[in-house]
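Please walk through the model below one level at a time, beginning with a sheet, moving on to a pair of helices and ending with the relation between the chains.

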2 protein chains.
Amino acid sequence: MSSIPAGVNPPLRILMGPGPSDVHPRVLAALARPTVGHLDPYYLQLMDQMQGMLRQVFRTQNELTFAVSGTGSAGQEATVMNLVEPGDAVVVGVNGVFGGRLAEMARRAGAEVTCVKRPWGEVFAADDFKDALASAQPKVVALVLAETSTGAWQPIEEISQLVHDAGAMLLVDAVTALGGIPVEVDRWNIDAVYAGTQKCLSCPPGLAPVSFSARAVKTIMNRKTKVHSWYLDVSLLASYWGEDRVYHHTAPINMTYALHEALRLVLEEGLDECFARHKLHHEALAAGLDALNIPYTAEPECRLPQLNAVRVPDGIHDARLRRRLLEEFGIEIGGGLGDFQGKVWRIGLMGHAARSKNVLLLLGALEQLLAEEGYLFDHGASIAAANQRWSQAGQ
Amino acid sequence: MSSIPAGVNPPLRILMGPGPSDVHPRVLAALARPTVGHLDPYYLQLMDQMQGMLRQVFRTQNELTFAVSGTGSAGQEATVMNLVEPGDAVVVGVNGVFGGRLAEMARRAGAEVTCVKRPWGEVFAADDFKDALASAQPKVVALVLAETSTGAWQPIEEISQLVHDAGAMLLVDAVTALGGIPVEVDRWNIDAVYAGTQKCLSCPPGLAPVSFSARAVKTIMNRKTKVHSWYLDVSLLASYWGEDRVYHHTAPINMTYALHEALRLVLEEGLDECFARHKLHHEALAAGLDALNIPYTAEPECRLPQLNAVRVPDGIHDARLRRRLLEEFGIEIGGGLGDFQGKVWRIGLMGHAARSKNVLLLLGALEQLLAEEGYLFDHGASIAAANQRWSQAGQ
């Protein structure tokens, strides 16, 4: 006999983890609009509009700017697989989980990978890449702009200069960056970039915005070997996203609706205003956490506003406190990955979640739970500190 | 200055092409439920439930049954890439576009591919594979149960016997099949199968249900080389879908809501009842098309009920008529792919679209447009023929 579970009826969460983040109600409404065909004239027009908006958000003129039909990791793999052929030398900056994954994907694509490493929570200086560039003579250098596992904000511009001086292309992970901090694809001379929808774009997971420079496109179109993945082969995808509209695979129609609306929201607010909002609420949260004596893992000069990675206070049981936050307050924050498991909390202030009410609620909930768990701090101090930051900003 | 397009406001279509098909309103409503985290206890429970429902729909006990985070083609690539290692011999049955794509994906995975061919619109007899099995000694034989490009319904059971007698594994494309015709994974001894959500499951595109036999899992877990794709590596995905819930990538939460509801609808109706509904309305449509002297491309004994591939009548301009159907009646039907381009229409009766009202509307619209385009037929005859078929069924 068939067994049929009850229908989908999710609890209401406040998503302040490393993603997915809170989805804007307008995005959820767009998601549920009636499905049309993937070659419908209306849908083709939406694709054009979405490409135009993605170019604005990526701050690029790159023609080949579109969304991969998979989550952020699919976009990551699409950029790596298409730029890399077997035997190519690739240099990867690894200072967290996602740099490590870039290296793994490049290896699977057949690359000879050189990892340049920094401790988790730190960022790279341009000098860190000098030796590897000289010895490996890489085709591609890959690094992470916003490392979701550590909350570290990697400066790109100076490294990009060095990478291009060495004749290599620059591949950048902007999954957690896009919409939260500047991603200056053209100004920084990035050759391939990928992002996700479920972080600072306030959209559910399911698509991966990507963009390729003219040089990257030329490299892809002149490959000697076929990309291992047919699904992620950019030379084929370009024909569907280009003027010819050659059928490749059936596009995720409704997710495209959602991303279209999410991009409209970001552009309505204004990119710079959006970054400023993330920064302000991050500073309020940081002031509150400081009042609770909860330190960040990253140094102040390289902290991502949208991803606050902080040390779990001594004596506090990581998983239990996060479970209580979820069950008693409906707040999701993230645990640590890899080396940081059990030791770090990752508090997201991404997209629609980056609001003062969420900061206040989280600080209030943390004060209540930490007190119950026996952690000592000045009661009310975190709320006061956050409020002071907003007051300074006139909000 | 930023340029912001108008919000998503799609026209109302009746989706009777080769997919996506009409999405059930309950599925659209589920899609827009509030997003939770991909490791939220509620979401993990939904995943378990979805796996249970997928097993029922695939008619399998296979533990490794889940949904790949991409469209049907991603599921296709996941099955091929994981079963095949470089140098492996693979035999593929090619009698349409999607068999050809299986061969292409196997080649990209490094396989030595032997194609067994039949003309488009025909199906394979078990005997067709004997020589290739003997000469190639393949590890995997791949073929398409429901060939979306031709509307041909491939019998599986006898070929499966032959394939397994030769020591090979059987990989089956069930993208257009699942929910429309039986997909008997266990009874037919299928080792790997993939499907899509946007055909007979009445769900938007974006996920790919897959299932792997114990033998396939053992083969995957004992690979000598890593799968080229990290995103589609089943050995990693199994740890997220299994008891350990090891983070791999951020799952497409809302699409999972939609598929969950779509599977509930199929199981509420009953699988056999669902197949009978597709068959009945297909027969009514076929009677109507016969009255219009529009012939099928596939022989009567191998016609898919859910995908009716028919010849464009002489003197009728394919693209113009399809555009008029779309613009004047809101009905989408599909054109031909590859060899069939310009010559064939593909009329889908898939999932929620497989209803008598759609058959009537399409036949009525075709009568009107074909008459205007100068095609000769007995007016009203197609409607009468369809109604007669429903009357025989007591409906």
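Strand 11 of chain B and strand 14 (residues 344–348) of chain B pair in the antiparallel sense over five bridges, where two strands are said to pair if DSSP finds at least two bridges between them, and where strands (E, at least two residues) and helices (H or I, at least four residues) are DSSP runs numbered from the N terminus. Within this pairing, B:N308 has B:I347 of strand 14 of chain B opposite to it. The model is a predicted one, in which local features need pLDDT of at least 70 and side-chain atom pairs count only at pLDDT 80 or more, while totals for chains, interfaces and linings use all residues. Residues are numbered from 1 along each chain as its sequence is written, and chains are lettered from A and ligands numbered from 1 in the order in which they are written.

The pairing belongs to an open sheet of three strands in chain B, ordered 11-14-13 and antiparallel. Strand 11 (307–311) and strand 13 (334–335) of chain B lie at the edges with a single partner strand each, so one side of each is left without a neighbour in the sheet.

In chain A, the axes of helix 11 (residues 318–329) and helix 12 (residues 356–372) come within 11 Å and cross at roughly 120°; such axes are lines fitted to C-alpha atoms, for helices over the stretch in contact, with angles running from 0 to 180 degrees between N-to-C directions. Helix 11 of chain A and helix 12 of chain A are therefore oblique to each other, given that angles under 35 degrees count as roughly parallel, over 145 as roughly antiparallel, 65 to 115 as roughly perpendicular and the rest as oblique. The contact (C-beta atoms, placed from the backbone, within 7 Å) involves A:L321, A:R324, A:L325 and A:F329 of helix 11 of chain A, together with A:L361, A:A365 and A:L369 of helix 12 of chain A.

Turning to the two chains, 67 residues of chain B are in contact with 66 residues of chain A. On the side of chain B that touches chain A, helix 9 of chain B supplies the largest share, nine residues.
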